[in-house]
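Subject: Structure handover and notes

Dear colleague,

I am passing on the structure below, together with notes on what was found in it. Please read the notes beside the coordinates.

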Amino acid sequence: MPTFDYDDIQLIPNKCIIKSRKEADPSVQFGPRRFKIPVVPANMASVIDADLAEWLAANDYYYVMHRFNPTTRADFIARMHKKGLFASISVGIKDAEYEFIDQLKAKQLVPEYITIDVAHGHSDFVIQMIKYIKKQLPTAFLTAGNVATPEAVRDLENAGADATKVGVGPGKACITKLKTGFGTGGWQLDALRLCSKTARKPLIADGGIRHNGDIAKSVRFGASMVMIGSLLAGHQESPGHVITIDGKQYKQYWGSASEVQKGAYRNVEGKQMLVPYRGSIKDTLQEMEEDLQSSISYAGGRDLESLTKVDYVVVKNSIMNGDY
């Protein structure tokens, strides 16, 4: 069937009704809280750590802490709550995770947000975990993923998920499409469009974002939140050290299914790469906010809702399959 991705789409402007882009409101309600912009750094060990999570929460940005230091998660929740900040964690579907959920309930240590983080989220075991978390910790806003199809969104929502994460392998550090032949690489935006036709609850578009304008396109095609990896890696606040090569500065960036993350070469579907050092993440997030304000002005509105109403054209002469 014909499909498209971010590089193939141009949104069509509507009559502007605001005098200045600064009047545009790019904030979004996601679960129990409102955030400055519909952007969340990927829950990857090369993108976020506890210190950055704390800064994001304190400055009204959504975050999802990764699950790769599982024994520290309860302390992380307690630390965030002690500082009056919201806690947002990731879990998997192994047996030990059920014990972890039980421990949180017993300690009355309930995070505001939980994300079930699985590469192939359309799974009986993910559905089982959704039902368990909603039973044990019913007040937590639960996101489940990742998925690629409307059927998957329907199944996870029906199981009790409060939001669904869409995207299988479109990320820059992901090689799922090459290793397995499956995924949404090259048609991620269209997968989001198809999933939004079924969704009754919020969707997170995860992966394939290469430019700030892709955030607006994601909102147009049904995303409430946009998860970004490579564009939000490589900052001063990002994990890892700055590396200088031929006078230029870089930071390491690796996929969650990479050999680096796993510590062994098995079922590897991610790679390690260098991304340019970008300075403070504050400046990048500010730029994303300003670009979204411009997008809203072009959409002829005052807020993100206006982006969902614009027309678009498919321009198939510029596709690079997400790679530059």
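Predicted model: local features only at pLDDT ≥ 70, side-chain atom pairs only at ≥ 80, totals over all residues.

Residues are numbered from 1 along each chain as its sequence is written, and side-chain values use heavy atoms, with hydrogens and water left out.

Strand E11 (residues 242-245) and strand E12 (residues 248-254) run antiparallel and are joined by 4 bridges, where two strands are said to pair if DSSP finds at least two bridges between them. E12 is in turn joined by 5 bridges to strand E13 (residues 272-276), again in an antiparallel arrangement, and there the bridge partner of Lys251 is Val275 in E13. Together the 3 strands form an open sheet in the order E11-E12-E13, with antiparallel pairing. Because E11 and E13 stand at the edges and each has a single partner strand, one side of each is left without a neighbour in the sheet. Neighbouring strands of this sheet are turned by 45° against each other on average, direction ignored; axes here are lines fitted to C-alpha atoms, for helices over the stretch in contact, and angles run from 0 to 180 degrees between N-to-C directions.

In a regular strand the side chains alternate between the two faces of the sheet.

Backbone points to check

The hairpin of E11 and E12 has 2 residues between the strands, and Asp246 takes a positive phi near 50° there. Asp246 is not a glycine, and at 77% relative accessibility it counts as exposed. Gln108, another residue other than glycine, has a positive phi near 55°; Gln108 lies in the loop between helix H3 (95-107) and strand E6 (113-117) and is exposed, with a relative accessible area of 72%. A cis peptide bond, with omega about 5°, joins Gly145 and Asn146, and Asn146 is found in strand E7 (residues 141-147).

Helix packing

Two packed helices are described by the angle between their axes and the distance between the axes. The axes of helix H5 (residues 150-159) and helix H7 (residues 188-198) come within 8 Å and cross at roughly 45°. That makes H5 oblique to H7, given that angles under 35 degrees count as roughly parallel, over 145 as roughly antiparallel, 65 to 115 as roughly perpendicular and the rest as oblique. In contact terms (heavy atoms within 4.5 Å), Pro150, Val153, Arg154 and Glu157 in H5 meet Leu194, Cys195 and Thr198 in H7. By class, this contact has 4 nonpolar, 1 polar and 2 charged residues, where Ala, Val, Leu, Ile, Met, Phe, Trp, Tyr, Cys and Pro count as nonpolar, Asp, Glu, Lys and Arg as charged, and the others, Gly among them, as polar.

The buried residues of H5 are Pro150, Ala152, Val153, Leu156, Glu157 and Ala159, and what covers them includes helix H4 (124-136), E7, strand E8 (163-166), H7 and strand E9 (203-206). Just after H5, Gly160 takes a positive phi of about 125°.

The axes of helix H1 (residues 50-58) and helix H2 (residues 73-82) come within 11 Å and cross at roughly 35°. Ala50, Asp51, Ala53, Glu54 and Ala57 in H1 meet Phe76, Arg79 and Met80 in H2, and by class this contact has 5 nonpolar, no polar and 3 charged residues.

Definitions and conventions
Buried < 20%, exposed > 50% of the residue type's maximum accessible area, 1.4 Å probe, protein only.
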